[in-house]
Amino acid sequence: MKKVLAGIAIAAMLCLVGSITRAQDAANGEKTYKAKCAACHGPNAEGKPALKAPAIKGKNADEIQKQISTSPKHATLKSLTADQVKELAAYLGTLK
Ligand code: HEC
């Protein structure tokens with residue numbers, strides 16, 4: 001019985017650590033987004049038609065990585081690291 005309880009406690013702790021990490025990723029991603037993306041994609045990633053920048057809410061890391069490495073609009077963003085892209089995706093995933 002004790003073993004089962006210890007197992008449950010460990011599983012609960014792992015879940016907690018996992019969600020804290022995700023929240024931290026999203027917070028870092030928000031900073032990067034505001035600094036590097038908001039000017040074109042809008043403060044809430046809703047897009048800016050005047051700049052022909054589409055809404056990018058909920059875009060995943062693969063889509064972001066592909067865009068910033070291929071689109072000429074994103075030429076200044078090639079220096080973003082894989083971690084920053086992951087964080088951006090975590091942040092965009094929190095937007096509805
Ligand atoms: C200079 C303005 C500008 C900045 C800054 C910018 N974008 Fe974009 N983005 C665009 C435009 C314009 C498009 C439309 C597609 C194209 O022309 O490549 C686009 C398209 C995209 C798309 C594809 C959307 C779709 O539905 O196809 C993604 C994803 C994206 N941007 C992510 C980002 C991220 C993440 C950042 C910040 C790290 C960023 N962009 C910064 C202008 C910008």
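Predicted model: local features only at pLDDT ≥ 70, side-chain atom pairs only at ≥ 80, totals over all residues.
Most residues other than glycine have a negative phi. Against this background, Ala45 has a positive phi of about 60° although it is not a glycine. Ala45 is placed in the loop between α2, which spans residues 38-41, and α3, which spans residues 61-70. Because 20 other C-beta atoms lie within 10 Å of its own, and a count of 20 or more is the criterion for burial, Ala45 is classed as buried. Lys52 likewise is a residue other than glycine with a positive phi, the value being near 60°, and Lys52 also lies in the loop between α2 and α3. Lys52, however, has 9 other C-beta atoms within 10 Å and is therefore exposed, since the limit for that class is 12 or fewer.

The crossing in which α3 passes α4 is right-handed. On the side of α3, the contact is made by Ala61, Ile64 and Gln65, while α4 contributes Val85, Lys86, Leu88 and Ala89. By class, this contact has five nonpolar residues, one polar residue and one charged residue.

Asp83 is found in helix α4, which comprises residues 82-94, and with 13 other C-beta atoms within 10 Å it is partly exposed. Although Asp83 and Ala61 are 22 residues apart in sequence, their C-alpha atoms are 9.5 Å apart in space.

Technical notes:
Residues numbered from 1 in each chain as written. Helix = DSSP H or I, 4+ residues; strand = E, 2+ residues; numbered from the N terminus. Left-handed = near helix turned anticlockwise from the far one by under 90°. Contact = placed C-beta atoms within 7 Å. Nonpolar A, V, L, I, M, F, W, Y, C, P; charged D, E, K, R; others polar.
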